[in-house]
Amino acid sequence: MTAEQQILSQLNESQCTAVVQVDGPVMVIAGAGSGKTRVLTYRIAYMLTQGINPYRILALTFTNKAAGEMKERIFQLVGNSNAKAVMMGTFHGVFNRIIQVEHEKLGFMRNITVYDTDDAKNLLKSIVKEMNLDPKTYVASHVLHRISSAKSSLISADDYAKNIEILEADRINGKPYISEIFKRYNNRLKSSNAMDFDDLLYYMNVLLRDFPEILHKYQNRFQYILVDEYQDTNFAQYLIVKKLAAAHHNICVVGDDAQSIYAFRGANIQNILNFKKDYPESKTFKLEQNYRSTKHIVNAANAVIKNNQDQLHKEVWTENEEGHQIEILKTNSDTDEAQTVAHSIFETKQNYQKNNAHFAILYRTNAQSRALEEALIKKNIPYIVYGGISFYKRKEIKDVIAYFRLTINHYDEESLRRVINYPMRGIGATTVDKIIVCAQENNTRVWDVVEKPDLYHLDVNAPTKARLQDVAIRIKSYSAMLTKTDAYELGNHIVATTGIMQELNADKSEIDRLQNVESLLNSMKEFTEREPESLFNEDTGEIITDYYPSLDRFVESISTLIDDDEKKNELQDRVKLMTIHSAKGLEFDYVYVTGLEENLFPSSMSLGTRAELEEERRLFYVAITRARKKLTLTSAQTRYRFGNLQFCEESRFLHEIPVQFIHKTQKASMGRNICISDVNEVTPSHFIPINEAVHHKRHTHERKPTQKVGKEARADQIYVGLRVYHDKFGYGKVAQTDSEGLDKKAVVTFDSVGNKTLLLKFAKLVIP
DNA sequence: ATGGAGACCTTTTTT
DNA sequence: AGGTCTCCAT
C-alpha cells in the first residue's frame with residue numbers, strides 16, 4: 001500500500017473528500033466528535049505525499065496544545081523530517097515569529113518582547129496613575145478589554161481618537177480618557193520594544209497592508225493555508241488569513257459554529273458563516289457522523305443546541321450504541337456535589353474496572369475546582385487540575401523570566417520594574433517613580449535613565465545611584481553572554497548571581513518556589529539539549545546549520561513549552577479537572593459537568609443578551625459532547641461564592657435535555673435518596689429538602705438570583721435536636737451539647753460527613 | 001524603605 | 001475565603 005492509500009484508508013467517505021480536495025477554498029463544517037482534527041492532520045499528511053513542499057504550508061490553531069498534537073500526529077503519519085518544515089502553530093505564535101523577522105519595517109528593534117495580560121495590565125495601571133485618573137474608574141482589565149477590542153478590529157489609537165461613536169460611548173460610560181490611555185499605552189509599548197497579544201495580530205495586518213513586498217513574500221511562501229477552529233477567529237485574524245490566501249486561494253478552514261465559545265474575546269462567528277461569500281467558488285463539506293459518543297449523548301446535545309437561533313444547519317448522528325442514559329444529580333451543597341461526584345467516580349472505577357484517566361470533571365469557573373479537589377483527596381483519587389495558575393504565571397518564575405527578558409531586551413519596562421528591586425537592593429517605589437517621571441521628561445526610555453542617571457539629572461542620592469549602576473552593569477554583563485552561553489548555563493548564572501537562588505534557599509517556607517525555579521532550569525537544560533524545532537530561515541527557506549540554543553530562543557519558545565509537572569501528569573493515571581473552555585477538543589469516557597445552576601452556568605455575566613446566552617449554550621454543548629460513554633450533570637442547591645453561602649436555582653440547561661435521555665431516579669446525594677419524577681416538568685421547588693423549603697419559597701417569590709443563609713448563631717442558641725448549617729460540613733442536627741459559656745461544645749450529626757464535635761465559638765453554626 | 005494590618009475585590013472563559 | 005492593594009508605623 002502506498003503512503004497515500006494508507007492515509008486515505010483510515011478515513012470515512014466525507015472525511016476523505018475533504019482531505020483530497022487540496023486545491024481551492026474549502027470549508028469543513030465538523031460536528032463535535034466527527035474527526036475534525038483527523039481531517040486536518042490527514043489532509044496535511046496527504047498533501048505531503050502529493051509532493052507539496054512542506055515549507056509552503058501554513059497551519060494555524062488557537063492553542064499551543066492543538067498545534068502540538070497536530071504536529072505529533074503528522075509526524076507519526078509521514079515522519080518528522082518531512083513534516084518539520086510545515087509552519088504550524090497558534091496565530092499569535094506564528095505571527096510573532098514573522099514579526100520578529102520583519103521588526104525593522106514596523107519601526108521596532110530586534111528581540112521584541114511579548115507582553116502577557118499581566119504585563120499589559122500593570123502598564124495600564126501605571127499609566128492611569130501617571131495621568132492622575134481614578135484607578136477605580138479606569139480599571140486595568142476593563143481598559144485593556146477596550147483597547148484589545150479596538151486592536152482586534154484593527155482600530156489604531158489614532159483611529160480610536162477620531163472615532164466619534166467610540167468616544168461618545170466611552171464618555172457615556174464616564175471614561176472619556178480611554179482614548180488618551182490607549183495612545184500612551186501604545187507609546188510605552190513601543191518604547192519598551194514590546195507588543196501585547198493583540199499587537200501581534202494588529203502589526204501582522206500592518207505588514208501585509210503597508211508593505212506589498214512583504215505581502216508578496218508570505219503569499220508566495222504560504223501557498224496552502226489551513227485554519228483550525230475557524231469559528232473562533234476575530235476580525236484581525238480573519239483579515240490576515242484572507243490576505244495571505246488571496247494569491248493562491250488554497251485555503252481550508254475547519255470549524256463548528258455550534259462550538260464557538262470565544263465571542264467574548266472578539267471571535268466573530270460571522271467569519272465562518274460568511275466563508276461562502278468570501279470564496280464563491282469554495283466547496284463545503286459537512287462531517288456529521290460522530291464517532292465519539294453514544295446515541296444518548298449525541299441526541300441530547302442536538303436537542304440542547306436546537307434552542308439556539310444562530311446556527312448552520314447540521315444533523316450530527318452516530319452509529320455508536322445507545323449507551324447509558326444521562327445522569328442528573330441534585331445535591332445539597334457544593335461540598336456535597338463534590339463528594340457525590342467523587343463517590344460516583346469511585347464506584348464506576350470499581351464496577352467497570354476503569355482508570356482514573358477515563359474521567360473528567362468539568363466546570364464553568366476555575367474557582368469551582370477547590371471543593372472537587374478536597375473530595376477527591378478524601379477518596380484517595382489521584383487528579384490533576386488543568387489551567388489553574390500556569391507554571392509561567394507563578395511569581396518566582398515570572399521574576400526569573402523578567403531577568404531573562406531584560407537581558408534580551410533592556411527596554412522591557414515591565415520586566416525592569418519587576419526586578420529592579422528584586423531581590424531587594426534598596427531601590428524603592430519612590431526611586432522607581434522618579435525614574436519614570438525623569439524618563440518621560442527627557443523623552444527617553446526607563447532603561448536609559450537607569451543606565452545613565454547623571455545624563456538625565458535623575459534626582460536621587462549617591463547610594464541609590466550606585467545601586468542603579470549595579471543593576472545596569474549586571475544586566476549588560478548578562479547580555480554580553482547571550483551569544484556565547486547557552487540558555488541553561490546563562491539561566492543558571494543569572495539565578496546564582498542575582499541572589500535569587502540564595503534567597504529562596506534561605507527561606508524554608510519557600511521550598512515550593514525553589515523547586516519551581518529548579519524545574520524551570522530543568523526545562524532549560526532540556527531545551528538546550530533538544531534538537532531545534534525549526535531549522536529554516538524564515539526568509540529564504542534555507543536550512544539553518546548554526547542554530548544555537550541561546551536564552552533569547554528559550555524565552556521565545558516559552559509559550560509553547562509545557563512544564564515538567566504537566567508532562568509528568570500527562571502520563572500518569574489521574575482524573576482530569578478543567579474548565580469547559582479548556583476541555584474543548586478533548587474527550588473522555590466519563591464526563592461530569594458540575595455546577596449546573598442559574599448564574600453559574602449560564603453565568604450571571606451572560607444573561608444580558610440572547611447572543612450571550614446562546615454562547616453559554618454552545619459552551620454547554622461543548623461540555624456534553626466531551627463524553628464518550630457516560631455523561632453526568634450535577635447541580636448544588638447552595639454554593640459558596642465570594643465567601644458567602646448562596647442558594648442556587650438549577651440551570652435552565654438541565655431542562656433542555658429531553659426526558660427520554662435522562663436516568664430518572666438515582667442516589668442524588670450522599671446518604672440520601674431523591675426521586676426525580678420528571679426533570680422537565682417539575683419546578684425546582686420539588687427538589688428542595690424539607691429543611692430549606694421556607695427559604696426556597698421566599699427565594700422564588702422574590703425572584704432574586706441568590707440569597708444568604710441566616711445569621712451566625714450564638715452559642716446559647718444551640719440546643720439538642722436543632723437543625724444547623726456549617727460552612728464546611730453542610731447541614732446537620734445537634735446531637736449533644738456540653739459546658740455552657742464560652743467553651744460550649746456540641747456534637748453535630750452532619751448529613752454528609754457524620755458526627756463532628758465543634759467548639760461553638762469557632763464553629764460559626766447557622767440556624768437555617 | 002520596608003513590612004504588616006486592614007480594606008477591597010474576586011469568579012467567565014485564553015493567546 | 002483567599003489573594004492583592006493601600007496605608008501606616010517602624
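Analyst: A residue is called buried if its relative accessible area is under 20%, exposed if over 50%, and partly exposed in between, using a 1.4 Å probe and counting protein chains only. The model is predicted, so to speak of local features a pLDDT of at least 70 is required, side-chain atom pairs count only at pLDDT 80 or more, and totals for chains, interfaces and linings use all residues. Residues are numbered from 1 along each chain as its sequence is written, chains are lettered from A and ligands numbered from 1 in the order in which they are written, and side-chain values use heavy atoms, with hydrogens and water left out.

As background, chain A has 768 residues, and 54% of them count as buried. Its fold comprises 33 helices and 24 strands; these are DSSP runs numbered from the N terminus, with helices (H or I) of at least four residues and strands (E) of at least two.

Now the rings. A pair of aromatic rings is described by the distance of the centres and the angle of the planes. Rings of Phe, Tyr and Trp (its six-membered ring) pair if their centres lie within 6.5 Å; planes under 30 degrees apart count as stacked, over 60 as edge-to-face, and the rest as tilted. The structure holds 16 such pairs. One of them joins Tyr-352 and Tyr-590, with 6.5 Å between centres and 40 degrees between planes, a tilted arrangement. Tyr-352 lies in helix H18 (residues 334-352) and Tyr-590 in strand E15 (residues 588-593), so this pair ties together parts 238 residues apart in sequence. Tyr-352 is partly exposed, at 43% relative accessible area, whereas Tyr-590 is buried, at 3%.

Phe-601 and Phe-653 form an edge-to-face pair, because their planes stand at 80 degrees, with the ring centres 5.6 Å apart. Phe-601 sits in the loop between E15 and helix H31 (610-624), and Phe-653 in the loop between strand E17 (644-647) and strand E18 (662-663), so parts 52 residues apart in sequence are tied together. Both Phe-601 and Phe-653 are buried.

Elsewhere, one aromatic cluster is made up of Phe-62, Phe-91 and Phe-95.

Rings can also have a charge over them, which here requires NZ of Lys or CZ of Arg within 6 Å of the ring centre and within 35 degrees of the ring normal. Arg-265 lies over the face of Tyr-262, 4.0 Å from the ring centre. Lys-379 lies over the face of Phe-346, 5.8 Å from the ring centre.
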